[in-house]
Amino acid sequence: KNAIHVSELAAEYYARQIEPTYNHPELFRSSLQKNIVALIGKMKVEDVRPRHIDSVLQDVLERGSPTVANDVLRMLKRLFDYAVVRGMIEVNPAISFGAKDAGGKEQGRNRALSRDELVMFFKALRRGRGISRENELTFKIILALGVRKMELCAAEWAEFDLDNEVWHLPGSRAKNGDDIDIPLPAPVIEWIKEIRLFAGDSRWLIPARRARTTAHVSRATLNMVMPSVLKEMADVEPFSIHDLRRTMRTQMAAIGIDPVIAERCLNHKIPGIEGIYNRHQYFDERKAALARWANLLVALESGVDYNVMPFDLERRKV
């Protein structure tokens, strides 16, 4: 009667090990609940055997998510390591499992959209079945600013100062934990003003579709839109939302943006000793770089000849 169940173990592990240290603990909690607790949460911790670990992994794999299966395996190992440390069990039932038992060896992604593919992407956003104007604007802002999906989807309206053309992104929602002021190019400001019209009185820039005043849009919402986008781009190699960041970085290199500035536009830290001593934020330089990038995107979407040089785009006031 005093046995600890997996659901209780998961709750304790989350409260003690995850919530105090992770920038976005809610993402871990969501995966923990969906992929582990939902399947073996009612089991006693002492009764969990390797076959149950395998069953959890197979359930994820059957959903076609090998990368998630690898994440879940790492989660299981850490969860039951914690149970060993707490004296609940003597042996971790997930200890003998490796990547080959889950999603296999992961390959680094290198997908970036070409300019031709970006033209197709904008068309797909307009034509794709079930893609709302709100979703279209969200994709365009992510692409133009190079931010991570949830940095935008969880943004509060109070973070934006449109008069001064800046977004104050708090470190609590940035992957590297650093606050950063993101310059807002003119086209992005217009997109933000339009997307705000859908929010009503919500504190969130992009509120949840069914609970507009109480929660921001979930990370799954845009994921569910991607199949419609890809269907409109049938002859194009599939890509993810995160690949839009790599697209921005690649295209910035193509138009001659300094590598340090381009990396800071992605909120990447400057590596090595220079990163320790150089704390300059390059705001003005990032502002100019993002403006050039946004001008190129507007040109691609509007059908202007994108083979002209960047200075021509500025001269033509695209």
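1. **What you are looking at.** This is a predicted model, in which local features need pLDDT of at least 70, side-chain atom pairs count only at pLDDT 80 or more, and totals for chains, interfaces and linings use all residues. Residues are numbered from 1 along each chain as its sequence is written, and side-chain values use heavy atoms, with hydrogens and water left out.

2. **The overall picture.** The protein has 14 helices and three strands; these are DSSP runs, numbered from the N terminus, with helices being H or I of at least four residues and strands E of at least two. Of its 318 residues, 46% are buried, where buried means under 20% relative accessible area, exposed over 50% and partly exposed in between (1.4 Å probe, protein chains only). Among the contacts with a separation of 6 or more, 63% are between residues 24 or more positions apart; a contact here means heavy atoms within 4.5 Å.

3. Seven aromatic pairs turn up in a search of the whole structure. Rings of Phe, Tyr and Trp (its six-membered ring) pair if their centres lie within 6.5 Å, and planes under 30 degrees apart count as stacked, over 60 as edge-to-face and the rest as tilted. F121 and F139 make an edge-to-face pair, at 6.1 Å centre to centre with 90 degrees between the planes. F121 belongs to helix 5 (residues 115-127) and F139 to helix 6 (residues 133-145), so this pair ties together parts 18 residues apart in sequence. Both F121 and F139 are buried.

4. F239 is buried, as is F121. Together, F121, F122, F139 and F239 form one aromatic cluster.

5. **Helix 5 against helix 6.** How do these two helices run relative to each other? Their axes come within 9 Å and cross at roughly 155 degrees; axes are lines fitted to C-alpha atoms, for helices over the stretch in contact, and angles run from 0 to 180 degrees between N-to-C directions. That makes helix 5 roughly antiparallel to helix 6 (angles under 35 degrees count as roughly parallel, over 145 as roughly antiparallel, 65 to 115 as roughly perpendicular and the rest as oblique). On the helix 5 side, L118, F121, F122, L125 and R126 meet E136, F139, K140 and L143 of helix 6. By class, the residues of this contact are six nonpolar, no polar and three charged; Ala, Val, Leu, Ile, Met, Phe, Trp, Tyr, Cys and Pro count as nonpolar, Asp, Glu, Lys and Arg as charged, and the others, Gly among them, as polar.

6. **Helix 5 against helix 13.** The axes of helix 5 and helix 13 come within 9 Å and cross at roughly 65 degrees. The two are therefore roughly perpendicular to each other. R115, L118, V119, F122 and R126 of helix 5 make the contact with W293, L296, L297, L300 and E301 of helix 13. These residues divide into seven nonpolar, no polar and three charged.

7. **Helix 1 against helix 4.** Helix 1 (residues 6-18) and helix 4 (residues 66-85) have axes that come within 10 Å and cross at roughly 95 degrees. These helices are therefore roughly perpendicular to each other too. L9, A10, E12, Y13, R16, Q17 and I18 of helix 1 meet R78, L79, F80, Y82 and A83 of helix 4. This contact has eight nonpolar, one polar and three charged residues.

8. T138, in helix 6, is buried, with a relative accessible area of 2%. Leaving out residues up to four places away in sequence, T138 touches L152, C153, I195, I206 and L222. In helix 8 (residues 186-196), the buried residues include I195 and W191, and helix 6 is among the elements that cover the buried residues of helix 8. V60, in helix 3 (residues 50-62), is buried with a relative accessible area of 0%.
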